[in-house]
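Good morning, and thank you for making time for this presentation.

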Amino acid sequence: MLLQTNPRLMRKTGYVLMAVACLLPSAAAADDEVPATPGRQHRWYNPRRYVERFKQTADEVRHLEIVEMISALAHGQPPDEGKGWFHPGQSRYGWQWLADRYDRDGDGKISSDELPPEVAELAGRLDRDQNGKIEKADFDWSSDSPYVKQAAQARRLFGSVDRDRNGRITGEEWRSFFDRAALDSEVLTPADLQAALFPPQPESSDDDPTPIDFLRGFASGELGSISQGPKIGGHAPDFELADHQGQRRVRLSNLNKNKPVVLIFGSFT
């Protein structure tokens with residue numbers, strides 16, 4: 001049998017089955033609701049006891065990284081920020097770490113006078129919105145962050161004006177953008193600006209990948225991984241790769257333990 005001789009395929013099949021179970025309607029509505037008998041809700045023969053345990057287990061399985069991945073791919077969602085298993089980045093030294101040490105008055109804000117002199121000069125770098133206070137929002141890089149949304153809009157505007165894509169806007173490029181947006185008129189209306197910044201998006205074509213394509217990519221190992229990503233404070237998985245010149249092999253566990261090693265996990269295809 002194929003599943004008996006291929007453990008990797010067997011594991012993936014199990015993950016697929018778990019993901020399919022999570023795609024089905026939640027069992028929460030199935031028992032709305034089994035009446036509980038006072039004083040007997042924890043007895044072995046009470047159905048509510050097993051229904052609640054099933055709900056808890058199903059919720060835990062649904063939030064496994066591999067299940068979130070397969071669920072997103074089965075819905076045709078490509079790997080993208082905020083979708084499926086692409087959660088906001090985490091850091092050991094985030095807002096809570098900083099607040100526990102320097103937010104003396106506990107108001108959720110850290111001013112420059114709350115920081116020791118040796119690190120006060122770093123306040124400007126951490127104060128992302130430059131409002132004079134370091135706050136939790138300054139550490140939020142998720143797609144829901146107002147700052148991230150503003151940055152995305154600014155990049156959209158910048159890309160519409162920077163015609164040669166050199167990262168700089170000249171006066172000539174700015175005037176050219178005005179002429180295009182105003183349709184060679186002398187004035188620019190809000191509707192003209194909206195049409196220039198948010199043009200109609202092309203319709204999806206038959207060449208776009210389908211959910212089946214995503215699942216095939218996962219099954220072949222080209223997309224995603226069955227391994228859980230490393231946790232904060234955990235050990236990075238050992239691996240061996242060729243260097244950028246292809247002349248020697250480098251193994252993580254063989255690197256100098258007395259020097260810090262920076263690893264960036266991601267896809268760069």
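What we see is a predicted model, in which local features need pLDDT of at least 70 and side-chain atom pairs count only at pLDDT 80 or more, while totals for chains, interfaces and linings use all residues. Residues are numbered from 1 along each chain as its sequence is written, and side-chain values use heavy atoms, with hydrogens and water left out.

The chain contains 11 helices and 4 strands. Of its 269 residues, 19% are buried; buried means under 20% relative accessible area, exposed means over 50%, and partly exposed lies in between (1.4 Å probe, protein chains only). A contact is defined as heavy atoms within 4.5 Å. Among contacts between residues at least 6 apart in sequence, 40% join residues at least 24 apart.

I turn now to one residue, Asp138. Where does Asp138 sit? Asp138 lies in the loop that runs between β2 (134-135) and α8 (146-161). Asp138 is buried and yet has no salt bridge. A salt bridge here requires a side-chain nitrogen of Lys or Arg within 4 Å of a carboxyl oxygen of Asp or Glu. For charge, Lys and Arg count as positive and Asp and Glu as negative, while His and the chain ends are not counted. By that scheme, the nearest side chain of opposite charge to Asp138 is Arg128, at 4.8 Å.

What does lie close to the side chain of Asp138 is a backbone atom: one of its polar atoms is 2.9 Å from the backbone nitrogen of Glu135. If neighbours within four places in sequence are set aside, Asp138 is in contact with Leu126, Asp127, Arg128, Asp129 and Lys133.

Rings of Phe, Tyr and Trp (its six-membered ring) pair if their centres lie within 6.5 Å; planes under 30 degrees apart count as stacked, over 60 as edge-to-face and the rest as tilted. The structure has 4 aromatic pairs. Trp95 counts as buried, at 12% relative accessibility, whereas Phe139 counts as partly exposed, at 26%.

Another tilted pair is formed by Trp174 and Phe177, whose ring centres are 6.2 Å apart and whose planes are at 40 degrees. These two residues are 3 apart in helix α9 (residues 171-181), a separation of about one helical turn. Trp174 is partly exposed, with a relative accessible area of 46%, and Phe177 is buried, at 6%.

Next, the nonpolar interior. A nonpolar core is a set of buried Ala, Val, Leu, Ile, Met, Phe, Trp, Tyr and Cys residues joined through side-chain atoms within 4.5 Å. The largest core has 12 residues, among them Val61, Ile66, Trp85, Phe214 and Ile226. Helices α4 (65-74) and α11 (211-219) each supply at least two residues of this core, and α4 gives the most, with 6 residues. A second, separate core of 7 residues includes Trp95, Leu98, Ala99 and Ala123.

Finally, the charged pairs. How many salt bridges does the structure hold? There are 4. Arg251 and Asp238 meet in one of them, at 3.0 Å from N to O. That bridge links distant parts of the chain: Arg251 is in strand β4 (residues 249-251), and Asp238 is in the loop between α11 and β3 (240-242), 13 residues apart. Both count as partly exposed, Arg251 at 31% and Asp238 at 41%.

Glu240 and Arg249 form a salt bridge at 3.2 Å, N to O. Glu240 is partly exposed at 33%, while Arg249 is exposed at 52%. Asp238, Glu240, Arg249 and Arg251 are linked in a network of salt bridges.

Arg248 also forms a salt bridge, with Asp243, the closest N and O atoms being 3.9 Å apart. In that pair Arg248 is exposed, at 54%, and Asp243 is buried, at 17%.

Definitions and conventions. A polar contact is a pair of N or O atoms within 3.5 Å; within protein, one must be able to donate a hydrogen and the other to accept it, and residues adjacent in sequence count only if both atoms are side-chain atoms.
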